[in-house]
Amino acid sequence: MQIPKEHSTETSFLQSINAFLGKVETGALCLIVAMMLGLAVLKIVMRYIFSASLLWSDIMLQHLTLWLCFFGAALATCERRHISIDVLSRILPGKVTRWTNLAIDCIAVVVVGILAYYGFLFLGDEQSSEAVLIGSVPLWWAKTIIPYGFVLIGIHVVLQIGMHLTDSADTRDAVEGESESWD
C-alpha cells in the first residue's frame with residue numbers, strides 16, 4: 001500500500017523531531033553518567049587521599065540518578081522500548097493492533113499529563129524549602145526534572161500519536177532483533 005506524499009512528509013517530520021530529541025537525551029544521559037562517575041571518583045580520592053569528605057556528594061548523586069532515570073524513560077519512550085504488554089500485538093491483526101496502540105498512547109498522554117501536573121505542584125512546594133544542594137544552589141533545582149521529565153515523555157507520546165495518525169502503515173512495536181512472527 002502506497003503512503004500519500006503529504007502523509008509521509010508529515011510522518012518523517014514528526015520522526016525527525018522525535019529522533020532529534022532522542023539524540024539530545026542520549027547526550028544528556030552520557031553527560032550525567034560521566035558526572036556521576038567523576039563525582040564518585042572525586043569522593044573516593046577526597047576520602048582516602050585527603051581524609052576529607054564532600055558533604056553534598058551523596059545528595060548530588062541521588063539527584064543525578066533521578067535525572068538519569070527520567071532521561072532514560074524519555075529515551076525509551078522515544079524508541080518505543082518502554083515497558084509494554086505486547087500480547088495483543090502478537091494476537092490481533094495489524095490494523096487492530098495499530099488502533100489499540102493509538103488508544104494506549106492516548107491513555108498514556110493523559111496519565112503523563114496528570115503526573116506532570118502533580119510534579120509541578122510538588123516543585124512549587126519544594127521552592128518554599130530553604131535546603132541547598134551546593135553553596136547557594138537551591139535543592140529544588142535538582143528536582144525540576146520530575147515535572148519536566150514527564151513533559152518530555154509526553155512530547156514523545158504525542159509525536160508517536162501524530163505518527164500513528166499520519167502514517168497508514170502498520171505500526172507494530174517490533175523491537176530491533178525480534179522476530180515479527182511466532183516461528
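Mentor: Let us begin with His63, which touches Leu139, Ala142 and Lys143 when residues up to four places away in sequence are not counted. Please keep in mind throughout that this is a predicted model.

Trainee: Where does His63 sit, and why does His63 count as buried?

Mentor: His63 has its place in helix α2, which covers residues 57–78. Its relative accessibility is 11%, and because the word buried is kept for values under 20%, His63 counts as buried.

Trainee: How many helices and strands does the chain have, taken as a whole?

Mentor: There are five helices and two strands, and if you follow the chain from the N terminus, the elements come in the order α-α-α-α-β-β-α. The chain has 183 residues, of which 33% count as buried.

Trainee: What makes Ile32 a buried residue, and which residues does Ile32 touch?

Mentor: The relative accessible area of Ile32 is 5%, and as the limit for buried is under 20%, Ile32 is therefore buried. This residue lies in helix α1, and, with residues up to four places away in sequence left out, its contacts are Leu64, Trp67, Leu68 and Phe71. For one of these, Trp67, there is also a distance to consider: Ile32 and Trp67 are 35 residues apart along the chain, while their C-alpha atoms are separated by 7.7 Å.

Trainee: Which residues touch the most other members of the largest nonpolar core?

Mentor: They are Phe71, Phe150 and Ile153, in a core of 30 residues. Helices α1 (5–48), α2, α4 (94–126) and α5 (145–166) each supply at least two residues of this core, and α5 gives the most, with nine residues. As for Ile153, its contacts, again without residues up to four places away in sequence, are Ala73, Ala74, Thr77 and Val112. As a general point, nonpolar side chains in soluble globular proteins tend to be buried together.

Trainee: What covers the buried residues of α4?

Mentor: The cover includes α3 and α5, and among the residues of α4 that are buried are Asn101, Asp105 and Val112.

Trainee: Why does Gln160 count as buried, and what does Gln160 touch?

Mentor: Gln160, found in helix α5, has a relative accessibility of 4%, and since buried means under 20%, Gln160 counts as buried. Leaving out residues up to four places away in sequence, Gln160 touches Asn18, Thr77, Cys78, Arg80 and Asp105.

Trainee: Why is the pair of Tyr117 and Tyr118 called edge-to-face?

Mentor: The structure holds five aromatic pairs, and in this one the ring centres are 5.1 Å apart and the planes stand at 80 degrees. Rings pair if their centres lie within 6.5 Å, and planes over 60 degrees apart count as edge-to-face, so the pair of Tyr117 and Tyr118 is edge-to-face. Another such pair is Trp140 and Trp141, with 6.0 Å from centre to centre and 85 degrees between the planes.

Trainee: Where does Ser51 lie, and why is Ser51 called exposed?

Mentor: Ser51 lies in the loop between α1 and α2, and with a relative accessible area of 66%, which is over 50%, Ser51 is exposed. Its phi is near 50 degrees, a positive value in a residue other than glycine, whereas most residues other than glycine have a negative phi.

Trainee: Where is confidence lowest and where is confidence highest?

Mentor: The lowest mean, 75, belongs to helix α3 (residues 87–91), and the highest, 95, to α2. Over residues 168–183 the pLDDT is below 50, and where pLDDT is low, the predicted coordinates should not be read in detail.

Conventions: Residues are numbered from 1 along each chain as its sequence is written. This is a predicted model: local features need pLDDT of at least 70, side-chain atom pairs count only at pLDDT 80 or more; totals for chains, interfaces and linings use all residues. Side-chain values use heavy atoms; hydrogens and water are left out. Helices (H or I, at least four residues) and strands (E, at least two) are DSSP runs, numbered from the N terminus. Buried means under 20% relative accessible area, exposed over 50%, partly exposed in between (1.4 Å probe, protein chains only). Contact means heavy atoms within 4.5 Å. A nonpolar core is a set of buried Ala, Val, Leu, Ile, Met, Phe, Trp, Tyr and Cys residues joined through side-chain atoms within 4.5 Å. pLDDT is the predictor's confidence in each residue, from 0 to 100. Rings of Phe, Tyr and Trp (its six-membered ring) pair if their centres lie within 6.5 Å; planes under 30 degrees apart count as stacked, over 60 as edge-to-face and the rest as tilted.
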